[in-house]
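Subject: Structure for you to look at

Hello,

Here is the structure I promised to pass on. My notes on what turned up in it follow below.

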Amino acid sequence: VNHSLPSRVEIMDEIDAGGTTAETNNGVDSVPPASGEKQSDAIKLFVGQIPKSVTEEELRAEFEPFGPIHELTILHDRYTKEHKGCAFVTFCAREHAIEALRELHDKRTLSGMTRPMQIRLSEQEAKAEERKLFVGMLPKSHGADDVRKMFAEFGDIEEVNVLKDQTKCSRGCAFVKMSTRQECERAIEALNGSTILPGASSYLVVRYADSEKERTQRRMQKALQLQQQQQQQQHQQQDRKSG
């Protein structure tokens, strides 16, 4: 279908500018969550390049400044019980995990180590990302149940998150996690650009959600563009003064 659709940058800029509350079929998750309470879209991080002498308490102290931690596990050899120098960390809120990933990965070197910590999505989370769809240009009146009905014919739906702003109003977009990649392909083929839903401002957008790496790269590009604009403005002001 060849319709004039909003660009990915326009859509994702709109998302980045807003809140992070997610409505699911289980209700509304508040931000931030209560201490120790895991949100439905929380993610698990793999943490490598940590000293084999570090304790869970010491490692927790490195990550807790970014937000409440639901679970932290240092990995040990199954037979020798030896510390393997890596761990899993699950934050209660997805945005706290992403912030920790952005601020610590390849930047923070723990005492006794020569290389900085290596942090990424766990293998389980990375595979789940491959089955996640972004749905844009939804009517603001659409809740999780409405979105689920739209995708039910394409396969088993594991999760639906409708993004909301800080006032708990829908932002007109959602994430849908299907059970297989093939189901995602069928949904994209059938729904993307197919119609303008009543109350929406443009044609429905259905595509694979950006990975965490892509989102981080986009934020870095935006920060670089802002820095370049500021430098250009400073040069222009200096030119005017000297003129």
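To begin with the hairpin: strand 8 and strand 9 form it with five residues between them, and K168 in the turn has a positive phi of about 70 degrees. Strands here are DSSP runs (E, at least two residues) and helices are H or I runs of at least four, numbered from the N terminus.

This is a predicted model, in which local features need pLDDT of at least 70 and side-chain atom pairs count only at pLDDT 80 or more, while totals for chains, interfaces and linings use all residues. Residues are numbered from 1 along each chain as its sequence is written, and side-chain values use heavy atoms, leaving out hydrogens and water.

Strand 8 (residues 157–164) pairs with strand 9 (residues 170–178) in the antiparallel sense over six bridges; pairing requires at least two DSSP bridges between two strands. V160 stands opposite V176 of strand 9. Seven of the eight residues in strand 8 are buried, so the rest of the structure largely encloses this strand. (Buried means under 20% relative accessible area, with a 1.4 Å probe and protein chains only.)

There is also an open antiparallel sheet of four strands, in the order 4-5-3-6. Strand 4 (69–76) and strand 6 (118–121) are at its edges with a single partner strand each, so one side of each has no neighbour in the sheet. Strand 3 (residues 44–48) is joined to strand 6 by four bridges, with L45 opposite L121.

Best wishes

How values were computed: Buried < 20%, exposed > 50% of the residue type's maximum accessible area, 1.4 Å probe, protein only.
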